[in-house]
Amino acid sequence: MVNTEKTKRYEELLLQIQGLTDGETEQVSVLANVAAAIHEAMGFWWTGFYLVKGELLVLGPFQGPVACYRIKHGRGVCGTAWARRETVVVPDVEQFPGHIACSSLSRSEIVVPVFGASSRVCAVLDIDSRELGTFDDTDARYLERIAQMVSAAVFTATE
Ligand code: SME
């Protein structure tokens with residue numbers, strides 16, 4: 001997708017997610033609708049949330065093929081984004097040591113941490129693509145904004 005088209009889609013998506021998160025506090029419901037909105041708007045292969053529970057990430061609401069239930073801190077792309085507390089963009093999953101292949105068709109990936117009020121990582125937003133090199137700075141910037149909107153709606157209030 002050329003970058004102007006990508007930006008246009010994300011701008012529309014932000015408005016939609018504003019509507020989906022505004023005044024809504026049911027965590028599972030919001031995460032489910034946000035995953036669905038991103039997935040449908042952008043045409044990704046897998047879009048979903050893993051939730052921090054103790055020392056693990058546990059599978060949360062998602063769209064796409066079935067996925068692994070639990071990921072350890074520091075493991076895979078998701079556990080790495082959690083440990084580093086920053087967005088991780090992987091242009092080719094085969095080049096990422098320790099990548100966890102939930103779907104053999106995934107070729108590139110981005111994982112964005114979702115922070116709570118005390119700056120604790122409460123969840124990660126994980127997105128997979130069937131093509132190489134799908135994700136860039138534009139995706140990172142917009143998905144981080146979406147993570148902030150999700151956090152404000154259903155994580156910071158509960159901390
Ligand atoms: N590939 C991820 C695991 C989750 S699935 O992509 C849905 C990882 O390496 O952490």
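How many bridges join strand 5 to strand 6, and do they run parallel or antiparallel?

Modeller: This is a predicted model, in which local features need pLDDT of at least 70, side-chain atom pairs count only at pLDDT 80 or more, and totals for chains, interfaces and linings use all residues. Residues are numbered from 1 along each chain as its sequence is written, and side-chain values use heavy atoms, with hydrogens and water left out.

Strand 5 (residues 108–115) and strand 6 run antiparallel and are joined by 8 bridges. Strands here are DSSP runs of E with at least two residues, numbered from the N terminus, and two of them pair if DSSP finds at least two bridges between them. Within this pairing, P113 stands opposite V124 of strand 6. The hairpin of strand 5 and strand 6 has 5 residues between the strands, and S119 takes a positive phi near 65° there.

Strand 6 itself spans residues 121–129 and is mostly covered, with 9 of its 9 residues buried; buried means under 20% relative accessible area, exposed over 50%, and partly exposed in between, with a 1.4 Å probe and protein chains only. Strand 6 is also joined to strand 1 by 6 bridges, and these two run antiparallel. In that pairing, W46 stands opposite D128 of strand 6.

W46 leads on to the aromatic rings. Rings of Phe, Tyr and Trp (its six-membered ring) pair if their centres lie within 6.5 Å; planes under 30 degrees apart count as stacked, over 60 as edge-to-face and the rest as tilted. By this rule there are 4 aromatic pairs. One of them is the stacked pair of W46 and F62, at 5.1 Å centre to centre with 20° between the planes. Because W46 belongs to strand 1 (residues 46–53) and F62 to strand 2 (residues 56–63), this pair ties together parts 16 residues apart in sequence. W46 is buried at 5% relative accessible area, whereas F62 is partly exposed at 26%. Ring pairs also bring Y50 into a cluster with W46 and F62.

D128 leads on to the ligand. The ligand is surrounded by 13 residues, and D128 is among the closest, together with V77, C78, I100 and E109; a residue counts as near if one of its heavy atoms lies within 4 Å. An oxygen atom of the ligand lies 3.3 Å from an N or O atom in the side chain of D126.

Methods
Helix = DSSP H or I, 4+ residues; strand = E, 2+ residues; numbered from the N terminus. Polar contact = N/O pair within 3.5 Å; in protein donor to acceptor, adjacent residues only side chain to side chain.
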